[in-house]
Amino acid sequence: MSTPRFLNLPPGVAPHRIETPQGTFAALQALPVSGVVERWPALLVPGLTGSKEDFIAVLMTLAQSGRQVIAVDLRGQYETQGPDDPAAYTCPSLGADIDALAQVIGGGEPIHLVGHSFGGLVAREAVIDGRTRFASFTLMSSGPAAIEGRRARSARETMREVAELGLEHVWHHTLEPEALAAGVSEEIVAFLRKRLLANSPTALRCMTEEVLGMRDRTDELRQIDVPTLVLFGENDDGWSPETQSEMAARLGAESVVVPGAVHSPAVEAPETTAAALVRFWNAAEKHYLDTRSTAM
């Protein structure tokens with residue numbers, strides 16, 4: 001469970017709601033505190049048990065690079081409503097939501113896309129389906145196929161408990177004790193409870209099934225002409241650093257290992273993560289403009 005270290009919104013960051021043909025999505029929008037929006041926007045997609053708040057620590061820094069940056073809650077996640085229909089929570093269905101969001105945010109212009117953990121698998125669907133023009137794609141602590149190791153075991157156990165005992169039981173008997181043992185503040189613990197219980201149980205169950213059964217689509221992603229970055233913590237326990245490095249090599253993509261980070265670099269090392277994203281985004285924009293100029 002990704003755990004933000006603070007909840008106060010930095011300057012230039014505000015709650016936002018985005019209307020799309022796929023529905024309305026809760027978001028945090030970041031704009032430059034000084035200067036103007038002069039670069040392409042970015043869309044940040046959270047992981048399975050996360051939310052838009054997982055990106056709070058990087059939003060202001062990313063926006064100060066001269067762009068609008070949007071972090072969203074997925075369908076059925078925290079403050080975005082979702083139906084009880086399991087078909088709404090497959091990766092292709094959620095990827096269609098990302099397409100719709102990107103098209104509204106970009107307004108016809110290219111947009112940078114970042115997916116964290118399960119959000120990377122969802123965002124990958126949007127890149128592969130070819131409906132939207134992306135300026136770049138970043139897989140943040142996300143792998144080629146099903147999640148691995150300790151997090152896979154935990155996901156299976158949580159899915160079983162949610163189905164048998166409900167979200168309240170999982171919170172009080174598993175997640176709250178873990179948060180308290182880790183020294184998480186009372187304010188953040190209260191937020192984590194509110195967020196968990198606001199999730200659609202159908203969404204959590206179906207998304208968990210997706211992350212545990214995801215097939216490898218690396219070769220399909222490689223066929224898409226979009227600059228790709230693989231960014232992960234040096235101690236990642238979702239997909240191993242070795243798995244993510246191998247995926248980057250298969251993609252012919254740049255990889256960035258974030259020192260000291262585990263599975264949530266935007267929380268655990270926000271400045272390093274934001275600097276890597278800004279550098280990558282700026283290089284992708286320059287490459288695109290240089291290529292278009294040469295073509296003309």
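Biologist: Which element gives the largest share of the lining of the second largest pocket?
Modeller: Helix H11 does, with 5 residues. Helices (H or I, at least four residues) and strands (E, at least two) are DSSP runs, numbered from the N terminus. The model is predicted: local features need pLDDT of at least 70 and side-chain atom pairs 80 or more, while totals for chains, interfaces and linings use all residues. Residues are numbered from 1 along each chain, and side-chain values use heavy atoms, without hydrogens and water.

Biologist: What makes this space a pocket rather than a cavity?
Modeller: On a 1 Å grid over the protein atoms alone, a pocket is an open set with protein on both sides within 12 Å along at least five of seven lines, whereas in a cavity a 1.4 Å probe fits but cannot get out; lining residues have an atom within 4 Å of a point. The second largest pocket holds about 340 Å³. Its lining has 17 residues, and Phe134, Asp225, Val226, Pro227 and Tyr288 are the closest to its centre. Strand E6 (134–140) and helix H11 (270–295) each give two or more residues to that lining.

Biologist: How much space lies in the largest pocket, and which residues are closest to its centre?
Modeller: The largest pocket has about 1,200 Å³. Of its 46 lining residues, Met1, Ser2, Thr49, Arg151 and Glu178 are the closest to the centre. H4 gives the most to this lining, 9 residues.

Biologist: Where is the largest cavity, and what lines it?
Modeller: The largest cavity is lined by Ser2, Asp54, Phe55, His116, Met140, Ser264, Pro265, Ala266 and Val267. About 40 Å³ of space lies in it. Helix H10 (residues 265–268) supplies the largest share of that lining, 3 residues.

Biologist: How many aromatic pairs are there?
Modeller: The count is 1 aromatic pair. Tyrosine 78 and phenylalanine 191 form it, at 5.6 Å centre to centre with 90° between the planes. The partners are 113 residues apart: tyrosine 78 is in the loop between strand E4 (69–72) and helix H2 (91–106), phenylalanine 191 in helix H6 (residues 186–198).

Biologist: Why is this pair called edge-to-face?
Modeller: Rings of Phe, Tyr and Trp (its six-membered ring) pair if their centres lie within 6.5 Å, and planes under 30 degrees apart are stacked, over 60 edge-to-face, the rest tilted. The 5.6 Å is within that limit and the 90° is over 60, so the pair is edge-to-face.

Biologist: How do you know whether the two residues are buried or exposed?
Modeller: Buried means under 20% relative accessible area, exposed over 50%, partly exposed in between (1.4 Å probe, protein chains only). Tyrosine 78 has 7%, so tyrosine 78 is buried. Phenylalanine 191 has 8%, so phenylalanine 191 is buried too.

Conventions. Points joined across faces, edges and corners; volume = space filled by probe spheres on them.
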